[in-house]
Amino acid sequence: MCYVIITSGSLVWFLCTLVADMLIAAALVTPRWLIGPAQPVNGLSSVSSSQRHSSVGIYTRCKVMHQVGYHCGRFDLDGLATDSSVYPSEWKAAMFFISLGFALLSVTVLLTLLTCCRQSAFGKSIHNMTACAQVVSGISVMLALFLHPMGWGAARVQRLCGPEAEPFYLADCSIGISFYCGVIGILLTFAAAGISLKAESSNMRTRVRRRVEEGSKLVCIP
């Protein structure tokens, strides 16, 4: 019989996983890992100007350019094959690990939905397998957040933050919102792995089994 089980535990698990996935995606694509000092940006009129901050992410950057103004774009023109003087090796490794973590976590978002209809696969609990994948995902993204500061001594970062910049020291720069999105995403990922145990037990409660035995195809229990 085909049936769908929705409990408060499974709903919280799904939402926690989804938010974590969205935060890691934001950290991956936005150029706000490091924020440089404010620089004037001239507008169309020479009388008016505004202050903007150049910034850099894992593979994207935003900078103040003469005549062009404020411009954002990618600097990994050849992907991981981009020259290390342009794309630091540490950031290439960070890109690999955060992409791996994001891919795994995206799969677990789908698996959290699958657990509403199916509790096991190949003789193994889908909840446990999903929790393991979420732990691996969190560790992978954590490695990315550790590798990125190791590349702060690169020429690209020194041009943005000053010649004093070195691994784990930002000089004139500050950490941007993208980095914090990654940190919060990691915490939520590990939290989701723990919540999966609660979600599994809530799906196995006596009330749920009784409703299924009665023939209910949709079981919603808080």
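Is Phe168 buried, partly exposed or exposed? In this predicted model, Phe168 is partly exposed, with a relative accessible area of 48%. Buried means under 20% relative accessible area, exposed means over 50%, and partly exposed lies in between, with a 1.4 Å probe and protein chains only. The model is predicted, so local features need pLDDT of at least 70 and side-chain atom pairs count only at pLDDT 80 or more, while totals for chains, interfaces and linings use all residues. Residues are numbered from 1 along each chain as its sequence is written, and side-chain values use heavy atoms, with hydrogens and water left out.

The chain holds 6 helices and 9 strands. These elements are DSSP runs, numbered from the N terminus: helices are H or I with at least four residues, and strands are E with at least two. The chain has 222 residues, and 43% of them count as buried. Contact means heavy atoms within 4.5 Å. Among contacts in the chain with a separation of 6 or more, 64% come from residues 24 or more positions apart.

Rings of Phe, Tyr and Trp (its six-membered ring) pair if their centres lie within 6.5 Å; planes under 30 degrees apart count as stacked, over 60 as edge-to-face and the rest as tilted. Phe75 and Trp91 form a tilted pair, because their ring centres are 6.2 Å apart and their planes stand at 50 degrees. This pair links distant parts of the chain. Phe75 lies in the loop between β5 and α2, Trp91 lies in helix α2, and the two are 16 residues apart. Both Phe75 and Trp91 are buried. Phe146 and Phe168 form another tilted pair, at 5.7 Å centre to centre and 50 degrees between the planes. Phe146 counts as partly exposed, at 47% relative accessibility. Ring pairs also join Phe75, Tyr87 and Trp91 into a cluster.

The backbone of Phe168 stands out too. Its phi is positive, about 70 degrees, although Phe168 is not a glycine. Most residues other than glycine have a negative phi. Ala171 also has a positive phi, near 60 degrees, and is likewise not a glycine. Ala171 sits in the loop between α4 and β8. At 22% relative accessibility, Ala171 counts as partly exposed.

Thr82 lies in the loop between β5 (69-74) and α2 (89-114). Thr82 is buried, with a relative accessible area of 6%. Its side chain reaches the backbone oxygen of Gly79 at 2.7 Å. Such a polar contact is a pair of N or O atoms within 3.5 Å; within protein, one must be able to donate a hydrogen and the other to accept it, and residues adjacent in sequence count only if both atoms are side-chain atoms. Neighbours within four places in sequence aside, Thr82 is in contact with Phe75, Asp76, Leu77, Tyr87 and Lys92.

Ser55 lies in strand β3. Its relative accessible area is 2%, so Ser55 is buried. The side chain of Ser55 reaches the backbone oxygen of Pro31 at 2.6 Å. A polar contact of 2.7 Å joins the side chains of Ser55 and Arg32. Ser55 and Arg32 are 23 residues apart along the chain, yet their C-alpha atoms are separated by 5.7 Å. Beyond neighbours within four places in sequence, the contacts of Ser55 include Leu34, Ile35, Tyr70 and Leu160.

The largest pocket has a volume of about 320 Å³. Of the 14 residues that line this pocket, Ser54, Lys63, Arg156, Arg159 and Leu160 are the closest to its centre. On a 1 Å grid over the protein atoms alone, a pocket is an open set of points with protein on both sides within 12 Å along at least five of seven lines; lining residues have an atom within 4 Å of a point. Grid points are joined across faces, edges and corners, and a volume is the space filled by probe spheres set on the points. At least two lining residues come from each of β2 (34-42), β3 (49-56), β4 (60-65) and α4 (155-161). The lining divides into 7 nonpolar, 3 polar and 4 charged residues. Here Ala, Val, Leu, Ile, Met, Phe, Trp, Tyr, Cys and Pro count as nonpolar, Asp, Glu, Lys and Arg as charged, and the others, Gly among them, as polar.

Key
1 Å grid on protein atoms, 1.4 Å probe; cavity = no way out; pocket = protein on both sides within 12 Å on 5 of 7 lines; lining within 4 Å.
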